[in-house]
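Welcome, and please open the model in your viewer. We will go from the fold to the ligand, one selection at a time.

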Amino acid sequence: MKIFKHINRIIEEIKELKQQRKTIGFVPTMGALHKGHFSLIDYSNKENDITVVSIFLNPAQFNNKNDLKNYPRTLNTDIKNIRYQFGPDDILFSPSEKEMFAEPDNRVFDLGHLDKIMESKFRNGHFQGVAMILNKLFKIITPDKAYFGEKDYQQLVIVKHLINKLNIPVQIVACPIIREEDGLAISTRNILLSKEERLIVAFIFQTLSKSLSIAKNISVEETKQWVIHQINSNTMLRVEYFEIVDNKELKTIKSWSEDKIKVGCIAVKVGNIRLIDNIIFNL
Ligand code: AMP
């Protein structure tokens, strides 16, 4: 594996790889790597000659200072773990904030309605920070394909929108959510949960799963209310939103008869920690 910390050095390396006609798969992350990230790397390894994983904890996408302060930073362990998945020519890119922000990019990205709903209502500026850093990373890495988890569904749709708007020539590959045995979507923030909280949060996905059969007999609106009520009935959990939207534009689904792929997206707070998850309604 090759490790790059400097932008100019990795640009040179990528140039050389392109001259050799190698295809490049890119997996952007914020580090503290877990099975969710590793599955993205697996997909990239299978479909490309070279995989580039970036580890950059992007302050611009944190609206909450404490969340950023508490976010796990485990670069040395990440480097050890990633070795098991990397061949000699695969690349870990972990730039400094100083380099990434050397040329400030203060533009407002036009994300339209996608940046006014769900996460955006609770994390002001989050997707602007995501768009800014991904745009920089795509320019540096110039990948053929980039891999994103369906766990962050709104982010996935926004990334697809962004590359269309900015004409970035990359294929976005959506990868399925990796879960713990009890169904909890794996997330870096899970390790911040207390033992008690960790047991309780499995109820989020259990409720989403159960709602798939409940939904067959009730309306979309009633299903939303049912999920919110079930989860909020546990005093340690508080639903921030649960929306059922279409998979392309994230517009609210009004009726099960709509001929669209329907995704139920949820954010739940447990103590100070925020977890997100989603499920497809195949009705
Ligand atoms: P992050 O480091 O949290 O920014 O995540 C980097 C990438 O990993 C994003 O595309 C996430 O959607 C993806 N990811 C995180 N958790 C999971 C998971 N449990 N299953 C699949 N992909 C995931």
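Helices (H or I, at least four residues) and strands (E, at least two) are DSSP runs, numbered from the N terminus. This is a predicted model, where local features need pLDDT of at least 70, side-chain atom pairs count only at pLDDT 80 or more, and totals for chains, interfaces and linings use all residues. Residues are numbered from 1 along each chain as its sequence is written, and side-chain values use heavy atoms, with hydrogens and water left out.

Start with the protein chain in cartoon view: you will find 10 helices and 9 strands. Its C-alpha trace spans about 60 × 40 × 35 Å along the principal axes.

The shell has 17 residues, and the closest are Met30, His37, Asp152, Ile178 and Ile186. Now colour strand S2 (24–29), helix H2 (35–47) and strand S5 (145–149), each of which supplies at least two shell residues. Which element gives the most to the shell? H2 does, with 3 residues.

Now look for polar contacts, pairs of N or O atoms within 3.5 Å:

- His37: a side-chain N or O atom is 2.9 Å from an oxygen atom of the ligand.
- Asp152: a polar side-chain atom lies 2.6 Å from a ligand oxygen atom.
- Ile178: a backbone N or O atom lies 2.9 Å from a nitrogen atom of the ligand.

Finally, show the surface: the protein covers 93% of the 490 Å² of accessible area that the ligand has on its own (Shrake-Rupley method, 1.4 Å probe).

Notes
A residue is near a molecule or strand if one of its heavy atoms lies within 4 Å of it. A polar contact is a pair of N or O atoms within 3.5 Å; within protein, one must be able to donate a hydrogen and the other to accept it, and residues adjacent in sequence count only if both atoms are side-chain atoms.
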